[in-house]
Amino acid sequence: MRAVIRGLALLLAAASIPVHGEATFSERRTVTATAYNSLPGQGAGEDHSLAAWGDQLEPGMKVIAVSRDLLDAGLDYGTPVSIEGLDGIWYVRDKMHRRWRNKIDIYMGEDRGAALRWGKRKVKIRFEPLSQDVRTANR
């Protein structure tokens, strides 16, 4: 039952986020991008699909984790992001360990092969920072 409620809450939250066209994104940045999965041995804790803000990740979701320094740069929870080399709009739903800087981690569900093929690379991202009121409410 708890999983159903979380799933419904996630769907409602995703539906309330406006979809942005790439042309509306005002901020650009080059970051290091790696990929991660929700598999045992990846991440902390027993539930490998539980993100840092409490979101339950599921394969197929377009989610990224961001290094903590990028939070202050405007890439806060729910921020829509366009990533060079990937289709569609991705959303910040997870955050990384404090040791990382200027880095994103792209969620690739349970497809370990896709994450390994992505590897580690520099990419250009585009995003529209959320308003200060929304950013404050997210923390």
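## Surface and overall content

The protein chain has an accessible surface of about 8,000 Å², of which 54% belongs to carbon and sulfur atoms (Shrake-Rupley method, 1.4 Å probe). The model is predicted: local features need pLDDT of at least 70, side-chain atom pairs count only at pLDDT 80 or more, and totals for chains, interfaces and linings use all residues. Residues are numbered from 1 along each chain as its sequence is written, and side-chain values use heavy atoms, with hydrogens and water left out.

Four helices and six strands make up the secondary structure (DSSP runs: helices H or I, at least four residues; strands E, at least two; numbered from the N terminus). Their order from the N terminus is α-β-β-α-β-β-β-α-β-α.

## Barrel

The six strands close into a barrel with mixed pairing, in the order β1-β5-β2-β4-β3-β6 (strands pair if DSSP finds at least two bridges between them). Pro 80 has Tyr 91 of β4 as its bridge partner.

Of the 139 residues, 42% count as buried (under 20% relative accessible area, 1.4 Å probe, protein chains only).

Leaving aside neighbours within four places in sequence, Ile 83 is in contact (heavy atoms within 4.5 Å) with Ile 64, Trp 90, Ile 104, Ile 106, Val 123, Lys 124 and Ile 125.

Conventions
Buried means under 20% relative accessible area, exposed over 50%, partly exposed in between (1.4 Å probe, protein chains only).
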